[in-house]
Each structure stands twice: as structure tokens, then as C-alpha cells.
Amino acid sequence: MAAVASIQRWSVQGMTCQSCVRSIETVLQGVEGIQSVSVSLDENSATVVYDAQTVSAQDITAAIEGCGFDAQTVAESLQKQATLAVYGMTCQSCVKSVKAALGGVAGIEAADVSLEDSAATVTWSPHAVGGGVAAIVKIIEEAGFDARAPEIEPSEKASEVVAVAVGGMTCHSCVASVTKALKDTPGVVDAKVALEPSGRALVTIDSSVADAAAVVAAIEDAGFDATLELDDSAASVSTSDSTLPATLNVATETPAPDAGVLAPLLQSGKPERKARARGISTGSGPMRSSSSGKSGETLLDPGETIQIEVRGMTCSSCVSLVERTVGARDGVQNISVSLLAQRATVHYDSSIISQATLVQAIGDLGFDAKAMDGGAQRVAKVNLNIYGMTCASCVSLVERAVKKEPGVVSVAVSLALETATVEYRPSEIGVRRLVAVAEGAGFDVLVADSTQVNTQLESLQRTKDIIAWRQRLWRSMWFSLPVVFLAKIAPHIDALSKFVGWQIVSGLPLGVLLQLLLTTPLQFVIGAQFYRNAFKALRHGNANMDVLVTTGTTLSYFFSLFMLSWSVLHGKHPRPHCFFEASAMLITFVSLGRYLENLAKGNASAALATLMTLTPNNATLIVYAEDGRIADEKQIPTELIQAGDNLRVFPGDRIPADGHVVDGASQVDESTVTGESLPVAKEQGSEVVAGTVNGTGSFVMEASRVGSDTTLAQIVHLVEEAQTAKAPIQAFADRVAQYFAPTVLALAALSLVVWLLIAYTGLPKPQMFKDEAEATGSYLVGCLKIAVAVVVVACPCALGLSTPTAVMVGTGVGAQLGVLIKGGDALEAASHIDVVVFDKTGTLTRGKLA
């Protein structure tokens, strides 16, 4: 612990949650010289104990602001704390005497005296107690004890120069007033105030006594405006006899690298342009940082690239915080953070900073950070379609040629499938190089885009499902509609009632017989799919909706068959009560629901396919000669683009990858990604996003994220996840459906038992029940009819179907319209929204830009 510690409170604005608190505490605890930190969300404040000789109040303010919050010291909150050796104490009465002596002095906030340690820890306000530690020693000595102050470095080592902009000064009398106010402030060693060219004060303070906040407060108390300057502009203060300290305004610079560090250069990557784009000085000036997208045929340097998953970012401020904080670390050459992908791509010098340090740096900001790929050791996989192989010798030739390339981990070539699966390290070799090597062996090579293939297969399967259910629906309607007509309509038409009611034999009407003949193929041929699905579910111990559908329709069918047989055998029922139309229409309605479900899923898949087509098929790659001149521009498939490639984008082209502009300027339509209808100006250094449309200008960009790492690919992935994610209400419906079928069957059985008890005991019976028994000759028929009715009526055609269909359609159509919906839970939460705040209200209401 430092001999004299400083305790000070900061006002911190912008904190919203405990994550903000942890971010500030973590960052400050990593600053050298800070001993303890306490951050309060309720009071919007931070209390810091620090060594003023190691770190200044301005450094702490800058560290807090670096976390993305507004911070300033609370006026006169500075306290000092020191532990002094006290000799001569023999009992607790001596301890009380020392405490009483210290406690009676105004400005001493706390005094902790220990008899065992012969020491006193004193906290005081330097604004009220002049003289610092020496004054504390004197107070203890006056109480009759010997005291020794801790060893303190010479005061000039604890001095600090503060530059303050002073507003409101109009003459030299004002200068004199400010100077007097500063020199009367405890801890101010010297003050130089200048009226011209603009009001400014250069103040030397003893940082163990005063701080920058005390200087600002002193100037404001004198009646002038004061603003602390945190930059190095204090050197412009003009005074007649002042000499600035040597430590002030010293710019920290890193020598420019030798020319040999940037060599060798391969085909892609013009050295001068790349240097300008990354901040590399090509002359003798200072260098801030450098970067390279090292990937096969691009610029090679000692750097490595790591992908870090960053969870917890919610806005562009979080992105800026990560880029600013990590980018300032020594050894970090370039960093690109994607909010949508929740990912940071960092290019760094492994000889200066490690991967673990980078991950820790992001974690210290309050985010969950995890290395996704092990940096240079990441192994990626690519599938290549190789055409022209005829024998095992061809397979061996391809494997040998590809394996010889540095960075290739494994190669597996299939002659029958004409494919090659290559595992490689992207930091050492790129896909384009792998394709070139395989083509150099004398074969035609294409990159197999598994994402598009999977999407096409899914789309094809969805189309087949739609066609199958549509055919099943039409067939069921051809059978079910006549059944409904014969059962419910024809008996009420005079011309047809006699026809359908004609008794072929006693108890067997012609209309009921026709219903039986039409319903049988519908039940067991068209409805066979329901039986297969129900059997699979029961085999795994699950009772799903298919089980309930088959149970309801089967009971309805066989009960109707039973009623028809009963009528024929007993001959007492001229028109038996049958439910063939219930079975037929139930199968038809469920088929309609399945058809609509698959149709909705097909539309959602089409929305994804539309998103994927936003990326162009080809890109224009710029190939450089070794002297840095452009040697050629050639068209390449977008799947062959590598990080670090320089690509030319012509007017009207879609941008093929994420990256930044290195030459030229244009306007880019980013509405497909951001929803912004106005074109966005792009110039050197501006970020561009894959899938957006270039305007009238032409520019050269450097690719930073390609393939599945682009923002557009992450949007597609997000939509896919959203469509498969269950909303809370859907999860509840699934749980209900799991128990619904057995519950309904149990209720039907209970209904049968209860009505049998009512029927065959002395309990009172409804008149309708008695009439049914007289018509059929038995109470059993009425009991069975009630039990079957429970099963048929309870069949949940929409349970478990409506929610997933709504989620799929909503997320798919929303993605087409530029609205990204993160799953059913977001849609469900949106139903509770009362107020929506929009920007650009003129655009929404009048179609005019606000």
C-alpha cells in the first residue's frame, strides 16, 4: 500500500444495470496504482482508493469514460489516508487519548488507532487540514506520543501539471484574480494564467493534497468558467517566465517498421494502399498500428487473427467501447466488431499480446467473451467438387498436391462422389489457393456451397410436402363433401329424402350405406398417414395430435359401423344414428391445417432464399504486382474471397463481403440490412456490408469478413434460429398437447362409466336419454354415443399448430421487409407493447424526410 493513499469520489452518469457497475469496477481494478474501487448504481458514483504518485485523477476519469460513461470528480471529495507509527502507547487509555486528539481537529474524517500494532490510520481532507502528514504527526506529538510519518517520495515526484481553459476573463485584473484564487488553494504549488490567445491556466499541484477538481472549483469560485483540458494542448499557454515541465506534452510514439517487415508481398494487396488503410506509416513518421488479413495470397506479416464471441452487446455504443478499448492495447493491429454477429475479429502481434489477454480485455468491459476459433490454430473445413478424376491415381494426385501446401491439415478425396473434403488453417492458406492447387493438378474444381445446397434441399422437400398435402386435401374433399351432403342436406330435400331413406334391408338405409362406402377409403387410405404418425408416436411413448385424430376418427367410424349393424340386426331403428360425416370432415379439416402449415413454412423458406440471393455470385479481385502496381483485375466467385483481398466494386454492384473502403468514394444503399432508405456516403475507411447495393461511384474495398462470417450470413442464421425457437406460449401448448390426448381418452372413458351407472341404476335419467333408449332398444347405445362425442369434439386441430405457423410466417416475411425478429418470444412480448417510439416520423406518416 502506498505511504499516503488518496480517496476520492466520482459522479458517474449513464449506468443502467449491475453489468455497468461490474464493467467500471473491473476496468479500474486493472489500473496500476488503484487499490480499491466501490461503485454505486443507486448513487451514480464511484469511490476509488489510489496512489496519487502512480495514477492521477484525470487517468481515473479517462478510464471510466473509456467504459462509455460520463464521469467527473465530486468537488472537495478528495481525502487522504496514511498509516503512522505511534510510540509510547501502553494501554487503552493512551489509545483513547490519541483518538481524542485526532478527532478534535476539523477535517480529520476518521482515526483508527491500534495498541498492538503501535500505529494509527488517519483519513483527512486536504482542503481542511493543511500540511498533510506532517500536520497529523504534530497533532499526535502534542498529545504526548512519538509519531513517525511513512516514507514519502520527494514532493516534486508527486507534483502534477493541470491545464484548464478559463472563460470570462477580459483583462489583466481578471488574470490576477484567477491567479490569487489558485495560489490560495491548498496543494497548488504554482499557477500561470494567460489571457491571450484564449483564457487558459497552467497549474502545478501537489497531487497528494489537491487534484484537478479542486483547481476547477477554485477558478469557478472566483467567478469564471473553468473546463479541464485532458489533451496535450497545454503547451500553447503563453507566459513570460514559465518553463513547462519536461513530462508535459510528450507524445508517445512507436518507431515505424523497417521496409522488410512488410515484405514479402504476394498477388493480392497493394502495399501503399494497404498501409494507408491500416494506419501504417510508409515514411519515417510515427506508427500507431497495422493490420493484415493474412490468408493465403494476401499481405503476409507477423500478425495473427482471432475470432472472439462477444455476448452482451446491445447497441453501437457497446461496439465502440470494445473497439476503442481493445484497439488501444499494444500489439493490436486492427479490430472489427459486429453487433449482429456478436463477434470481434482481432488482428494482433502474438509476440506482444496473447489471445488470452485479448479475451480478458473484452471480458473486463463487462461482456462475455470467448475465443471462437483458437486464432491461428483454427481449423476450417471446405468441400470441393472435383471433376475429371477417372481412377485411384487421380485421387492420389489431388491428395498429394493439396497436402503439400502449408496450412493444410487433412485431405479426403472421393472418386465416386467426385468430392474432396479439406481441413485447413485459414491463417495460413485460403480457399482460393486450395482451388488453384487442385486445378493445377489438371482438374476442374468448384467450391460446394453447403449452405445453399441445404437450403435448396429444404426448399425442395418443403415443395414436395406442400404438393403431397394438397393432393391429400383434394382427395379427402372428394369423399367427405358427398358424405356431408348425404348425412345433413339430402334428408331435408323432399326429392332426395325418400331416395336416401330407402331401406335396402330392414335397418339399412341407402344413404347410410353410401356414407359407409365413401368414408371407408377416406378413413384407411387417405388417412393412412395419420395412422403411421400415431403409431410412431405411441412406439416412443408419446401421445401427440395424430394419436388424438386417429382415436377420434376411428371411434367415430367404428361406432357408426356398430350403430348400423345394431339397426340391421334388431330392425327397430329405421334410420340409425351414424357419425360417418364426423370422421370424414375431421380428416379433411386436419389435412387442410397440415397443408396451410407446410405452405406457410414454404413461404418462410422462400424468404430465407431471397435473403441469401442478396450476395452476388462474382466479385472483381484486384491483383497486384510485386512493386505494388495493379497487375490485373479478374472475376472470381464470391466463395473464393479471402479476408484481406482488395475488391473493386462498380456502380450498381452488390457488395460481395464485409470490409472497409481503401480507395474511392460512393453512396451505398444499405436498406436491405439497416432499413435506412437514404443512401449512405462511403469514403476511405468507411465500413461496408455484404449484400448492400453500391450507388453511382466506384471504390476499392478490403474484405474483412467473408462467407458465413458476413453480416448478411449472420442475418440468415438469425432468422433460421428465430424460426426454430419456441415462444413461451408455444412451449406451454406443447406441454398441454403432451397430456391432452390421454386426458381426453380418460374423460371419454369416465363419461361412459358415469352414464352406464346412470342408465342401469335407479338414478334419474334425462328425457332425451330415455327417448334414445326407446328408439335403439338399449341404454348402451346412448352411453357409447356420449363417450365418442367427447373424443371427437375434443380433437385439437389447432393446438400446437397456430403458434409455430405464426412464428415462421412472421419472422420470414419480416426478414424480407428488413425487420429482424429474434424468435417467437419477441413476437409474444410485442403483444404487450403500449407505446412505440419511432425516429424519422415524417418518413412514416407523410412519406417525406423529417
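**Helix faces, cysteines and cavities in a predicted model**

In helix H3, the buried residues are Cys94, Val95, Val98 and Leu102. Viewed along the axis of H3, these buried residues fall within an arc of 105 degrees, so they line one face of the helix. Lys96, Ala100 and Gly103, on the other side of H3, are exposed. The helix itself runs over residues 92-103 and has 12 residues. From its first C-alpha to its last, H3 reaches 16 Å, close to the 16 Å expected at 1.5 Å a residue. The cover over the buried residues of H3 includes strand E6 (108-114), strand E7 (119-124) and helix H4 (133-142).

The model described here is predicted. The protein has 850 residues, of which 45% count as buried. Its secondary structure comprises 25 helices and 31 strands. Among contacts between residues at least 6 apart in sequence, 68% join residues at least 24 apart.

Helix H1 covers residues 18-29. Its 12 residues should span 16 Å at 1.5 Å a residue, and the end C-alpha atoms are 16 Å apart, which agrees. Buried in H1 are Cys20, Val21, Ser23, Ile24, Val27 and Leu28. Around the axis these residues cover an arc of only 160 degrees, which puts them on the same side of H1. Strand E1 (4-13), strands E2 and E3, and helix H2 (57-66) are among the elements that cover the buried residues of H1. In helix H9 (residues 355-363), the buried residues are Leu358, Val359, Ala361 and Ile362. Seen down the axis of H9, they fall within an arc of 155 degrees, so the buried residues line one face of this helix as well.

The cysteines were then considered. A disulfide is a covalent bond between the sulfur atoms of two cysteines. A search of the whole structure finds 0 disulfides. Cysteine 94, one of the buried residues of H3, has a relative accessible area of 12%. The closest cysteine sulfur to that of cysteine 94 belongs to cysteine 91 and is 3.8 Å away. Because a disulfide requires sulfur atoms within 2.5 Å, this separation is too far for a bond. Cysteine 394 also counts as buried, at 13% relative accessibility. Its sulfur is 3.9 Å from the closest cysteine sulfur, in cysteine 391, and this distance is likewise too far for a bond.

Asparagine 44 is not a glycine, yet it has a positive phi of about 50 degrees. Asparagine 44 is placed in the loop between strand E2 (34-40) and strand E3 (45-50); both strands take part in covering the buried residues of H1. With 23% relative accessibility, asparagine 44 counts as partly exposed. Serine 118, also not a glycine, has a positive phi of about 50 degrees. Serine 118 is partly exposed, and its relative accessible area is 27%.

Methionine 585 lies in helix H17, which covers residues 580-612. Methionine 585 is buried, with a relative accessible area of 18%. When neighbours within four places in sequence are left aside, methionine 585 is in contact with Ser480 and Val484. Between methionine 585 and threonine 553 there is a separation of 32 residues in sequence and of 9.3 Å in space, C-alpha to C-alpha.

The structure holds 5 cavities of 30 Å³ or more. The largest cavity contains about 60 Å³ of space. Its lining consists of Tyr50, Ala52, Val55, Ser56, Ala57, Gln58, Glu160, Ile205, Ser207, Ala210, Asp211 and Ala212.

How values were computed: Residues numbered from 1 in each chain as written. Predicted model: local features only at pLDDT ≥ 70, side-chain atom pairs only at ≥ 80, totals over all residues. Heavy atoms only, no water. Helix = DSSP H or I, 4+ residues; strand = E, 2+ residues; numbered from the N terminus. Expected span 1.5 Å × (residues − 1). Buried < 20%, exposed > 50% of the residue type's maximum accessible area, 1.4 Å probe, protein only. Arc of directions from axis to C-beta. Contact = heavy atoms within 4.5 Å. 1 Å grid on protein atoms, 1.4 Å probe; cavity = no way out; pocket = protein on both sides within 12 Å on 5 of 7 lines; lining within 4 Å. Points joined across faces, edges and corners; volume = space filled by probe spheres on them.
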